[in-house]
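Here is a short briefing on one protein model. Look at the sequence and the structure, then read the points below.

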Amino acid sequence: MELHPFITEHGLDIFTTMLGLLYIWLEYRAHIAVWLVGIIMPALDIYLYFSHGLYGDAGMATYYTVAGIYGFAVWKYGKKRGQKEDEEMPITHMPRRLYLPTLLAFLAIWAATYYVLVTWTNSTVPLQDAFTNALSFVGLWALAQKYVEQWIFWIVVDVVCTYLYIVKGIPFKALLYGLYVVIAVMGYFKWKKMMKDSPSSLG
């Protein structure tokens, strides 16, 4: 049976959107399985984004795929100060000493990504594309470290991405990221409560 043209055209967008919903639910619960979905989904997104001219996002999806392995390893085997031997890595605040290095890293990645996009691609939104890539890089690192502030990074990323995907004609992904904004706000307060309830709350 032949598929409806709309399904054929947006099939990958729909499927990765479904994976994205599963991803954000697992992230909200701070469940380690988030990283398994976080490997499969971006691997498919590489083609999706590249085919729509979002070259920065395609590059970022490649990074996400590799970072998924890193994140799983950190959550599984990482240790924080005050963590008990048989306890999973706790949610904590990002140490203040990391604020400046994180900001500088974000600015450097933003500038480098923007340069790559305007020099070697025909991206029509290089500034915004580079911005979301740079902040996503920082956000994924913060997620891997289980810092509650990672949600703040994602709220900003999701707002900008929602706009970009609407403009670029990826409607289901746009809806997904609009939902991400809402869930990211909820996730921030959820993680703060989980951090408060955790026996190891030191960073």
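Helix 7 gives the most to the nonpolar patch, with 3 residues. Helices are DSSP runs (H or I, at least four residues), numbered from the N terminus. This is a predicted model: local features need pLDDT of at least 70, side-chain atom pairs count only at pLDDT 80 or more, and totals for chains, interfaces and linings use all residues. Residues are numbered from 1 along each chain as its sequence is written, and side-chain values use heavy atoms, without hydrogens and water.

**Surface patch**
- L21, L179, V182 and M186 form this patch on the surface.
- Nonpolar side chains (Val, Leu, Ile, Met, Phe, Trp, Tyr) are joined within 5 Å, and like charges within 9 Å.
- L179 lies in helix 7.
- L179 is partly exposed, because its relative accessible area is 36% (buried is under 20%, exposed over 50%, partly exposed in between; 1.4 Å probe, protein chains only).

**Loop residue Q145**
- Q145 is found in the loop between helix 5 (126–144) and helix 6 (150–167).
- Q145 is buried, with a relative accessible area of 17%.
- Leaving out residues up to four places away in sequence, Q145 touches Y70, V74, K80 and M89 (contact means heavy atoms within 4.5 Å).

Terms used: Helices (H or I, at least four residues) and strands (E, at least two) are DSSP runs, numbered from the N terminus. Patches are made of residues with over 30% relative accessible area and no salt bridge: like charges are joined within 9 Å, nonpolar side chains (Val, Leu, Ile, Met, Phe, Trp, Tyr) within 5 Å. Accessible areas come from the Shrake-Rupley method with a 1.4 Å probe; for residues, only the protein chains shown count as cover. A salt bridge is a side-chain nitrogen of Lys or Arg within 4 Å of a carboxyl oxygen of Asp or Glu.
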